[in-house]
Amino acid sequence: MDFSKYRDMFLNEAAEHLQQMVETLVAVEKQPTDRDGIAALFRQAHSIKGMAATMGYEATARLAHNLEDSLDICRQQDSIDTAQIDRLLAGIDLLEGLLEDISAERPERDIDAFISGTLDVSILELDRPEIIPHADKTAPVAEEMLIELRLDEKAAAAGPRLLVLIRQLANFGAVLKTSPTEAQILQGGAPRKLRVWLQTDQSREQLQQQLRKYSELSDVLFPDEKQVSTRQKKISQIAPTVRVSTDLLDHFINLTGELITNRYSLQTAAGEQNWQNLHEGLGQLTRLVKNLQHQVLQVRMMPLSSVTGRLPRAVRDLCRSSGKEVQLKIDGSEIELDRAILEELTDPLLHMLRNAVDHGIEQRGTVQIKAWRERDQVLIQVADDGCGIDPEKIRQRALERDLLSPAQAETIRNYDLLQLICSPGFSTAGEISATSGRGVGMDVVKTAVERLGGVLLIDSTLGEGAKITMKLPLSVAIIRVLMLDCAGMLLAMPIPRVLQTIEIPPEEVQTSGKQLVISHQGELLPLLSLRKILKRPKGPKLKLLPLVITEVLGRKVGLVVDRLVGQREVFIQSFPAPFDRLRGCSGGTILGDGRLMFVFDLQSLLEKRRG
Amino acid sequence: MNQLLPFKLGEETYALELTEIQEVVENRSVYPLPSAPDMVAGAIGFHGRIIPVVDLSILLGFPTGPRSERLIVLTDDNGPVALAVDRLLPVLNVDLLQGILTQSNSEADCIRAVLNWQEEMISLLDLAQLQKTVEQLCSKTGG
Amino acid sequence: MAKRVLIVDDALFMRTLLRDIFTAAGWEVVAEAENGLQAIEDYNRHQPDLVTMDIVMPELGGIDAMQRILGTDAEAKVVMCSALGQESMVMEAIQAGAKDFIVKPFQDSQVLEIVERVCGD
């Protein structure tokens with residue numbers, strides 16, 4: 001059984017249930033007697049319990065069960081109150097933590113404090129700190145154990161018996177895998193022997209003791225299996241997955257079909273040396289590849305709702321902690337953006353929302369999130385009908401912080417003044433509420449938006465609220481690059497340009513006339529030095545020469561660099577005009593640690609050198 | 001009254017109006033571009049954006065010496081670009097109408113006016129001119 | 001304190017047989033139900049420690065009845081009673097939450113072993 005596959009399915013599905021539960025809970029709070037809502041919550045907790053139990057995630061199952069119990073009480077009362085919602089939300093947070101544990105292949109964290117009610121759930125932080133310390137600090141380390149169970153010849157109904165035994169074992173730990181699998185048993189193929197891979201903190205003796213109660217068992221064995229210890233590695237990290245509509249898949253299949261047809265016509269045309277048909281075939285190929293590229297980009301698009309879905313919960317928590325009454329309205333959550341952009345928007349949206357509730361709205365009001373498209377841009381606006389941003393306070397603050405000189409402070413337009421709240425250090429956490437204080441985290445928001453190639457605009461009228469708008473590109477130029485070092489510069493080369501990377505001992509370098517060459521896979525490749533091309537001084541002698549095999553003007557060459565650093569996906573920003581006209585390098589990316597890395601184009605660098 | 005940020009290029013004193021400046025940043029790593037004309041010192045990360053840095057001394061043909069740790073980032077309608085200069089001087093409050101000595105029309109030197117301030121000649125940088133020069137240099141190396 | 005059991009079976013014969021086995025072993029039989037609906041009612045009224053549940057019954061079958069009982073008391077301990085040849089139904093029941101099962105015809109000792117370990121500590 002491919003355990004990791006089931007685990008990933010479980011994690012994805014459980015996470016979806018949890019997200020829906022949060023949404024439903026927040027909705028139900030406004031209509032505490034919404035029977036359908038409560039029933040839906042109950043069913044979802046129930047599903048999670050069932051799935052987790054099937055997978056042998058004991059704590060997750062137990063917690064889901066506990067939530068299910070609470071929801072059942074609500075169901076019977078036909079109503080749900082705020083305290084119950086608080087507790088359920090805290091439980092869902094904890095379940096999310098458990099899913100993280102499962103995903104990271106850690107033991108599940110401790111849930112006893114929550115279940116026994118000693119965990120204080122009345123204060124919820126928006127940032128969702130880890131409420132419960134990780135179990136692995138205190139709990140004994142669970143080890144993986146292989147158990148072989150043999151059924152007595154006389155035992156009736158082997159299939160059901162094996163199922164009961166698997167469930168019994170799940171009480172002692174996590175059942176990682178069984179042979180035969182449950183599915184096989186359910187299909188009726190039940191032998192009299194069952195192997196169970198169990199992650200447990202119990203000893204063999206303890207398990208034997210427990211299993212002795214089953215007179216249907218003739219033997220309980222603990223075979224040594226070397227594989228057991230290494231098996232763990234095979235369970236790969238959960239890969240991020242996307243859902244693709246079947247329509248889109250059908251498109252892909254059709255396109256593939258057309259490409260295959262196209263390949264045959266090209267082959268035939270080439271065989272017949274029919275230039276007319278070859279030409280037409282290539283034209284068709286161009287169209288097909290363009291179409292394919294478009295469709296692939298489509299797969300990356302996701303609706304804004306995938307990030308705004310969490311916001312009602314956030315507003316609810318903010319209201320609970322601040323005692324304010326805030327209504328959240330979301331318009332345009334169906335607008336689609338590249339998933340990479342959406343991922344980067346999660347935190348900025350939360351910051352903006354928090355600012356609106358904490359500093360914009362005084363006692364009660366509305367926060368409206370609106371998204372719409374304008375040509376190839378998406379605009380997302382967070383607007384509140386609160387007190388607005390006081391330009392005078394910003395002026396004062398900017399003066400205190402030396403962001404403006406006294407003379408500037410006099411002449412600056414109000415609109416420009418407002419943008420200052422995004423300056424780093426404009427406001428610090430300690431004095432959030434004391435003064436204007438809207439700037440908490442706004443520099444983070446601005447940086448995130450700009451890194452995506454977007455713009456952040458702030459608008460406010462005193463007494464009428466504030467509007468903060470993000471203008472974002474629909475999709476960003478995300479490319480996979482090879483990173484390399486040359487003369488102290490970190491440079492990137494788009495992966496499609498890279499045929500291969502190798503490292504060769506300097507002895508393998510030969511000369512052919514004036515040109516240095518190497519013999520690579522039966523071909524003589526000229527060597528080019530990137531340092532030389534970039535007019536940098538010669539580097540130190542290396543024991544192994546790192547080479548990038550690439551093509552220049554249709555010819556394979558070996559490019560000598562100082563060091564091959566690795567591959568990664570990056571957002572590429574073009575330089576602002578007129579610097580985007582520089583040949584050989586027209587853009588770069590800001591890495592997570594703040595370093596800049598530039599993308600270079602070898603061919604135009606060489607052309608430039610010659611020209 | 002106008003506010004000016006004066007700075008040194010070699011022995012000369014130049015200045016920009018504060019309204020032309022977005023921010024003065026300090027201690028930024030300037031990352032050299034793999035391929036660019038000499039006047040482009042490199043680029044910096046500035047609020048999530050990549051902003052090229054132009055070395056004014058090289059651009060205007062002054063001898064190269066040590067550069068200030070601080071960079072002047074111009075407003076977006078003047079760039080966006082960061083300028084590296086030799087040394088920054090304290091901000092001045094000047095009445096430009098009173099202080100202007102000569103209007104300059106020369107295309108090459110990127111100076112729009114020269115100001116006599118307490119016996120010192122201060123050249124006001126002509127950003128439109130500057131932009132044009134940079135543009136030409138970028139396109140030229142573009143071939 | 002004696003453990004309390006609810007016996008659910010549509011056959012009087014089976015109920016009597018089970019009652020005798022449980023009583024002899026010191027259990028208290030809180031009620032006998034002859035279909036699923038009655039079982040749910042009896043369960044809610046008596047909250048027994050254990051239910052023995054026949055699978056095929058009129059009105060409401062054993063698996064449905066068990067699921068409803070589990071719906072209100074997720075901790076309910078239900079042991080299915082099945083005849084030979086009902087394996088797939090028993091497996092369905094186990095997946096739905098039955099703790100264990102007894103295959104008819106059964107011996108006293110078997111029944112008691114199973115119910116004791118289900119209620120075990």
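Colleague: How many salt bridges are there across the interface of chain B and chain A?

Modeller: In this predicted model, the rule finds one salt bridge across the interface of chain B and chain A, where a salt bridge is a side-chain nitrogen of Lys or Arg within 4 Å of a carboxyl oxygen of Asp or Glu.

Colleague: Which residue forms a salt bridge with E135(B)?

Modeller: The partner of E135(B) is R581(A), and the closest N and O atoms of the two are 3.8 Å apart. As for the ground rules, residues are numbered from 1 along each chain as its sequence is written, and chains are lettered from A and ligands numbered from 1 in the order in which they are written. Because the model is predicted, local features need pLDDT of at least 70, side-chain atom pairs count only at pLDDT 80 or more, and totals for chains, interfaces and linings use all residues, while side-chain values use heavy atoms, with hydrogens and water left out.

Colleague: And how much area do chain B and chain A bury between them?

Modeller: They bury about 2,700 Å², with 67% of it on carbon and sulfur atoms; buried area is the accessible area (1.4 Å probe) that two parts lose on being put together, summed over both.

Colleague: Which residues in chain B lose the most area to chain A?

Modeller: Those are P34(B), H47(B) and I50(B), which together make up 27% of what that side buries.

Colleague: New topic: where in chain A are R62(A) and E58(A), which meet in a salt bridge?

Modeller: Both residues sit in helix 3 of chain A, and because they are four residues apart there, they are separated by about one helical turn; helices here are DSSP runs (H or I, at least four residues; strands are E, at least two), numbered from the N terminus.

Colleague: What about chain C, is R15(C) buried or exposed?

Modeller: R15(C) counts as buried, at 9% relative accessibility, whereas E34(C) is partly exposed, with a relative accessible area of 43%; buried means under 20% relative accessible area, exposed over 50%, and partly exposed in between (1.4 Å probe, protein chains only). These two residues form a salt bridge, with the closest N and O atoms 3.6 Å apart. The pair links distant parts of the chain, since R15(C) lies in helix 1 (residues 12-24) of chain C and E34(C) in the loop between strand 2 (28-33) and helix 2 (36-46) of chain C, 19 residues apart.

Colleague: How many salt bridges are found over all chains?

Modeller: The search of the whole structure finds 41.
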